[in-house]
Amino acid sequence: MTDRNGRADVLIIGAGASGAVAAKRLAEEGFDVVCLEQGDWPDYAKARAGHPDFELTAARDWSWDPNERAWTADYPVDDSDSDITALMWNGVGGGTVVYAAHWQRNMPSDFRVRTLDGVADDWPLTYEELEPYYVRVERDWGVSGLAGDTAFPPGEGPPMPPVPLAEMGRRVAKAHNELGWHWWPAPNAIATKPYGRLRACVQRATCLRGCAEGAKASVDLTYWPDAVELGAKLVTGARAKRLEVDGSGRVTGATWVDADGNEHFQAADVTLLCANGIGTPRLLLLSATDGQPEGLANSSGLVGKRLMMHPFGTVVGLFEDDIGSSQGVWGQHLHSLEFYETDPDRGFVRGAKWGLQPTGGPLAMTMAYPWGEENSVWGPEFHLEIRRRLGHSAMWGFIFEDLPEEDNRVELDPDKTDSAGIPAAKIVYEMSENSNRMIAFHEQRARESLEAAGAYEAIVAPQIRATGWHLLGTCVMGDDPETSVVDRWGRTHDVPNLYVFDGSTWPTSSGMNPTATIAAMASRFTDQLIETRRDQKGA
Amino acid sequence: MNEPASPAPDAPVPASDVTIDDDLRATLAGLADVLIPPGDDMPSGGEVVIGRDVLAAVIRIRPDLVDGLRELLATAKGEDPAGAVARLEAEDAAGFGLLTTVVAGGYFYDPGVREALDYHGQQAVPIVESDPPDYEANGLLAAVVARGPIYRPTPEE
């Protein structure tokens with residue numbers, strides 16, 4: 001590392017999945033890396049999975065909604081004009097701290113949506129080009145699963161064996177075989193044996209509320225300690241306020257605000273934005289200049305546009321006997337991609353991935369989601385309903401692909417700010433008719449799946465807003481500067497030393513949980529940045 | 001710069017001197033009995049949350065709920081409990097959510113209730129590799145493989 005009065009080779013904004021992958025790789029190659037992270041390290045003392053107060057504390061201490069948390073690290077997201085609420089974790093690890101760890105590669109067709117289905121856009125790369133990076137990050141990350149899934153081209157599988165199917169999985173697997181439908185032992189970013197810094201999972205089914213065991217592969221565990229040891233500097237409590245630009249149009253670094261409201265400046269030769277599909281366009285819009293009044297790197301006008309968040313759905317099956325469904329991985333025990341590919345006869349294009357999950361403890365049995373307000377437990381049937389559900393239920397969760405539409409977007413909020421006075425984000429998002437048809441189709445098929453598995457009742461969960469875990473598409477990647485924000489290597493067309501490495505770059509959303517592809521893309525982008533290091537010119 | 005956190009052992013719930021007065025406790029007991037009546041060899045919500053004073057534990061664990069709870073109970077005080085529950089459910093989603101979190105959260109926190117439900121918390125169940133793996137038993141996975149690939153390959157350029 002060289003001392004250049006604090007000037008970094010590479011500045012990374014955001015310590016989530018893509019930022020962590022980039023930071024570790026760059027640090028390995030001897031780059032002087034500084035990462036600004038608006039939040040702090042996760043406090044796993046608050047991950048209470050093994051304690052009686054778990055269900056009482058989980059939603060408060062591990063809330064996914066920045067508007068509910070309203071911590072200093074959070075900026076408000078006005079979602080009043082959105083069908084879906086944006087969810088995120090603003091801290092070291094980003095969304096991986098509270099994700100379900102469903103580790104889904106995209107399928108080959110996801111990279112060729114225009115060619116195969118005549119809608120949206122192709123990606124400027126193929127599955128085959130990304131495949132080596134999937135393999136790499138699956139080893140770095142700590143992924144469990146099984147090679148040979150018939151939904152993907154043959155190739156190397158994850159480094160650990162899959163999680164057990166569990167009783168629910170065995171029943172559904174048998175049913176799908178009878179129906180002739182696809183299933184496969186699920187890929188999860190969950191350690192099934194000790195692996196690197198990860199401990200082995202003990203199936204408490206509490207993955208979404210901070211893994212108390214240290215078994216879920218979140219990048220605060222799997223990447224950042226190594227990156228820091230290698231010399232990367234991770235500054236927590238650092239909210240990026242704007243990127244600064246010199247007279248040549250290159251980014252000189254970022255002005256940021258600490259927890260006490262004091263402003264600082266971090267200089268760097270190259271800046272990588274890894275702040276998620278809302279935070280990244282927000283920062284570009286915040287960095288408008290006289291010369292670029294519509295926002296930095298926004299000559300295409302597409303910064304913030306094409307927001308995709310994946311409508312989400314759930315169908316629960318109730319079983320007569322105890323299938324142990326208060327425990328397991330959450331996570332997914334198996335997945336099905338039977339209805340992932342487009343079938344024109346269905347009346348919509350694209351599809352969804354299904355993941356089979358447990359339903360949790362007794363307090364979860366009382367909630368309006370996924371059970372539905374019409375199935376309220378309260379009153380004379382309370383005890384009967386709890387016994388019907390607790391340990392006797394399994395659910396399919398669906399990730400529905402939403403197509404990019406320019407009206408679905410991220411803007412700067414004209415009124416709200418965070419606690420440092422930095423303008424908040426506003427999202428505008430409307431679910432499409434294609435999505436609505438897709439949801440109805442899949443929910444009906446999932447009923448059939450669970451009933452074939454022996455469920456005596458299948459409940460379709462209500463469509464709720466608080467499901468926007470996946471924030472994608474708002475700095476679209478492509479070869480044409482007029483129709484894209486970044487090129488195929490994540491470099492902005494307008495600013496040669498400014499890159500976007502997170503899910504903002506996705507031309508389409510796929511119907512998969514996105515972390516595997518975000519990580520693989522970040523790894524690929526970083527390799528290219530390293531290979532072209534001699535061509536880089538700082539400000 | 002902070003060091004990475006690691007999974008921590010149990011941390012005791014700090015004591016609390018926050019209390020809810022007897023009138024409001026009686027109101028809460030009434031509402032809890034409507035939400036969770038006795039039956040099926042199980043106690044009522046009021047019997048557990050107030051009778052066994054699980055409320056004290058809930059207050060220690062979730063002091064952030066106390067102000068809202070007091071306000072909600074003050075509004076419901078003197079009202080028919082069934083009517084108050086119905087009003088909250090229909091008109092005040094946040095208040096109803098708070099009430100049910102306190103009542104059901106407290107109810108399921110109680111060791112006696114857990115025992116009666118045969119629920120012992122989110123237990124540690126280590127993963128044991130079976131031989132053959134469960135997905136291979138009875139030819140389960142072989143049937144999937146036999147059906148062949150289901151993906152569309154990357155089209156030729």
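Me: What should I know about the numbering and the model before I start?
Reply: Residues are numbered from 1 along each chain as its sequence is written, while chains are lettered from A and ligands numbered from 1 in the order in which they are written. The model is predicted, and local features need pLDDT of at least 70, side-chain atom pairs count only at pLDDT 80 or more, and totals for chains, interfaces and linings use all residues.

Me: Why is A:Ala166 called buried?
Reply: A residue is buried if 20 or more other C-beta atoms, placed from the backbone, lie within 10 Å of its own, exposed if 12 or fewer, and partly exposed in between. A:Ala166 has 23 C-beta neighbours inside 10 Å, and therefore it counts as buried. This residue belongs to helix H6 (residues 166-179) of chain A, and its phi is positive, about 70 degrees, although it is not a glycine.

Me: Why does B:Asn138 count as partly exposed instead?
Reply: B:Asn138 has 13 other C-beta atoms within 10 Å, so it is partly exposed. B:Asn138 sits in the loop between H7 and H8 of chain B, and here too phi is positive, about 55 degrees, in a residue that is not a glycine. The loop between helix H7 (111-117) and H8 of chain B also holds B:Pro132, and the peptide bond from B:Asp131 to B:Pro132 is cis, with omega near 0 degrees.

Me: How do you know that the buried residues of H4(B) line one face of the helix?
Reply: The buried residues of helix H4 (residues 66-76) of chain B are B:Leu69, B:Leu72, B:Leu73 and B:Ala76. Seen down the axis of H4(B), they fall within an arc of 95 degrees, so they line one face; the arc is that of the directions from the helix axis to the C-beta atoms. In general, an α-helix has 3.6 residues a turn, so residues three or four places apart point the same way. Covering the buried residues of H4(B) are elements including helix H1 (22-35), helix H5 (81-91) and H6 of chain B. After H4(B) comes B:Gly78, whose phi is positive, near 85 degrees.

Me: Why are H3(B) and H6(B) called roughly perpendicular?
Reply: Axes are lines fitted to C-alpha atoms, for helices over the stretch in contact, and angles run from 0 to 180 degrees between N-to-C directions. Angles under 35 degrees count as roughly parallel, over 145 as roughly antiparallel, 65 to 115 as roughly perpendicular and the rest as oblique. The axes of H3(B) and H6(B) cross at roughly 110 degrees and come within 9 Å, and the two helices are therefore roughly perpendicular to each other. Their contact is made by B:Val54, B:Leu55, B:Ala57 and B:Val58 of H3(B) together with B:Val102, B:Gly105, B:Gly106 and B:Tyr109 of H6(B).

Me: What makes two residues count as a contact, and how many residues does each chain give where A and B touch?
Reply: Two residues are in contact if their C-beta atoms, placed from the backbone, lie within 7 Å. The contact between the chains takes 51 residues from chain B and 77 residues from chain A. On the side of chain B, the elements that give two or more residues are helix H3 (54-61), helix H6 (93-109) and helix H8 (140-147).

Conventions
Helices (H or I, at least four residues) and strands (E, at least two) are DSSP runs, numbered from the N terminus.
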